[in-house]
Amino acid sequence: MKKAMVGASVFAVMLAATQPAFVHAADSTTTTATPTTTTTAPATTDPAAPAANATGVETPQSQISGVRTPKKVDSLDLDKVIDLAINDSYNLQLLQLKYRVLDQQNASLGLNYVDYLNASPGLRYVTTNRSNEVSLAQSSQTGQTLDSNIRDLDNQKLNTQLQVDEAKEGTRLAMTGQYVQLLSTQKQIALSEEYIQVLTRDVQRAQTLQSLGSGTQEDIDKANRALQAEQDNLTKLKDSYQETLSTLCYDLGIVYDPNIQLKPLEVKLDPVPTVDADTLLGKSYQIQSLGNSLNKAREDEEKAITDNSFQEQANKATTDIAAQQLEQGKVTYAKAIQSNLQDMDTAYKAVQTAQREAQDTAVDGVNMQIRYNAGVVTKYDLQKYQYQVDATQAKAELTSMQYYVQKAKVDAMSKGYIANSSASSASASAQQ
């Protein structure tokens with residue numbers, strides 16, 4: 001029985017198109033271990049300095065001066081990765097600190113505004129259901145400026161809180177993609193190592209056939225080239241794995257360990273859910289932010305005190321711009337919603353196909369074992385086909401991981417995060 005062999009390199013780029021962007025990439029420097037000399041060096045108390053192990057060889061340290069001490073962990077699972085990323089995220093901490101600053105500034109402006117109105121008998125103010133918001137009863141440039149500044153801070157507070165929530169969901173999704181990439185590379189490495197064993201037997205078989213007069217040196221050369229190519233592929237896979245792992249460790253604030261254990265995912269195959277685009281857009285952090293900008297523009301236009309008709313037209317144009325940006329944002333993110341749903345549906349069907357192929361190949365593998373027991377096929381043929389069984393099973397598992405990432409994107413939409421690079425770029429441009 002002859003079947004096309006599937007090399008491990010086939011799966012090397014399976015997840016490249018589906019991975020969301022990382023939260024941030026940490027620069028890392030690999031230190032080559034060098035033996036120490038017999039000269040006695042003075043002791044150092046620098047915690048960032050390389051430490052010598054029992055053999056006298058310096059080992060690279062993960063601690064960087066001026067930053068928090070990394071944690072030591074022996075194993076990781078996706079929940080722990082997400083928890084560490086959210087709780088130790090520099091971006092999130094900066095956003096939360098920014099919110100605290102805005103909150104205090106808002107309160108300070110509110111007190112200043114009340115003091116100003118109390119000191120002006122000709123003015124009266126009316127508090128509304130929103131904190132620190134007042135309306136002027138007569139023209140006053142100072143009061144209008146204070147009122148405008150308060151509304152600015154109110155809007156910044158609302159948007160900053162949305163940014164905090166959005167950053168959490170974005171981090172969750174990014175870490176899911178990064179963790180899945182590591183697991184996928186692990187699977188590819190294992191498959192590549194098995195394929196190298198197959199190719200090694202091919203070389204040995206070609207050499208044996210030549211010694212018996214049934215083969216040629218050309219056959220040996222071809223087998224050796226195939227073996228070398230897969231060995232090079234294995235090296236690239238291992239390098240890629242360690243690079244991604246080291247980046248993840250720095251992102252999480254943990255000690256980089258090349259042998260850290262990663263727990264597998266439990267993938268539950270569910271069909272694409274039925275969703276309502278308006279509901280998802282209403283929850284969207286991005287659309288809510290655009291809505292806040294429109295509300296502020298309308299308030300600025302309504303509360304503006306000016307006799308300048310040109311300024312009135314400018315205020316109206318600003319409101320129109322905010323309304324247009326909101327409408328455009330809804331269209332952009334509606335397309336993103338549909339795209340994410342379609343990607344999940346495609347991945348769902350791919351998993352079903354891959355699982356069916358794996359089951360069919362496994363049945364053929366059982367039949368091949370029966371033929372081997374009956375003396376119909378050789379052990380070489382049996383071992384070669386066993387790799388084919390393992391390869392199709394690995395493809396099914398890798399496809400399931402692709403599906404897991406796509407499903408995570410759809411789940412994130414129900415929480416307010418719509419993953420789409422073009423939509424995010426449009427939103428950022430609209431808010432500048």
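## Overall architecture

Helices (H or I, at least four residues) and strands (E, at least two) are taken here as DSSP runs, numbered from the N terminus. On that basis, the protein chain of this predicted model contains nine helices and six strands.

The protein chain has 432 residues, of which 38% count as buried. Contacts between residues at least 6 apart in sequence were also examined: 79% of them join residues at least 24 apart.

Two packed helices are described by the angle between their axes and the distance between the axes. Helix 7 spans residues 309-373 and helix 8 spans residues 379-414; the two pack at an angle of about 160°, and their axes are 8 Å apart. Because angles over 145 degrees count as roughly antiparallel, helix 7 is roughly antiparallel to helix 8. The crossing of helix 7 with helix 8 is left-handed. The residues that form the contact of helix 7 with helix 8 comprise 19 nonpolar, 11 polar and seven charged.

Helix 7 also packs with helix 6 (residues 285-303), at an angle of about 165° and with the axes 9 Å apart. This angle makes helix 6 roughly antiparallel to helix 7. Helix 6 likewise passes helix 7 in a left-handed crossing. On the helix 6 side, the contributing residues include Ile287, Leu290, Leu294 and Ala297, together with Gln286, Arg298 and Glu301. On the helix 7 side, they include Ala322, Ala323, Leu326 and Tyr333, together with Asn315, Lys316 and Lys330. By class, the contact of helix 6 with helix 7 has eight nonpolar, eight polar and four charged residues.

## Nonpolar cores

The largest nonpolar core holds 37 residues, and the members that touch the most others are Leu76, Leu252, Ile254 and Leu262. Two or more residues of this core come from each of helix 1 (78-87), helix 3 (141-211), helix 4 (217-252) and helix 8. Helix 3 makes the greatest contribution to this core, giving 12 residues.

The surroundings of Leu76 can be listed in detail. With its neighbours within four places in sequence left aside, Leu76 is in contact with Val81, Leu84, Tyr179, Leu248, Leu252, Ile254, Ile260, Gln261, Leu262 and Lys263. Another core, of 20 residues, lies apart from the largest one, and among its members are Leu341, Val351, Met413 and Ile418.

Asn155 lies in helix 3. Its relative accessibility is 13%, and Asn155 therefore counts as buried, the limit for that class being under 20%. Not counting residues up to four places away in sequence, Asn155 touches Asn292, Ser293 and Lys296. Ser293 also takes part in the contact of helix 6 with helix 7. Asn155 and Asn295 are 140 residues apart in sequence, yet their C-alpha atoms are 8.8 Å apart in space.

Asp79 is placed in helix 1. With a relative accessible area of 62%, Asp79 is exposed, since that class begins over 50%. Asp79 and Thr176 are 97 residues apart along the chain, and their C-alpha atoms are separated by 9.1 Å.

How values were computed:
Residues are numbered from 1 along each chain as its sequence is written. This is a predicted model: local features need pLDDT of at least 70, side-chain atom pairs count only at pLDDT 80 or more; totals for chains, interfaces and linings use all residues. Side-chain values use heavy atoms; hydrogens and water are left out. Axes are lines fitted to C-alpha atoms, for helices over the stretch in contact, and angles run from 0 to 180 degrees between N-to-C directions. Angles under 35 degrees count as roughly parallel, over 145 as roughly antiparallel, 65 to 115 as roughly perpendicular and the rest as oblique. A crossing is left-handed if the near helix is turned anticlockwise from the far one by less than a right angle, and right-handed if clockwise. Ala, Val, Leu, Ile, Met, Phe, Trp, Tyr, Cys and Pro count as nonpolar, Asp, Glu, Lys and Arg as charged, and the others, Gly among them, as polar. A nonpolar core is a set of buried Ala, Val, Leu, Ile, Met, Phe, Trp, Tyr and Cys residues joined through side-chain atoms within 4.5 Å. Buried means under 20% relative accessible area, exposed over 50%, partly exposed in between (1.4 Å probe, protein chains only). Contact means heavy atoms within 4.5 Å.
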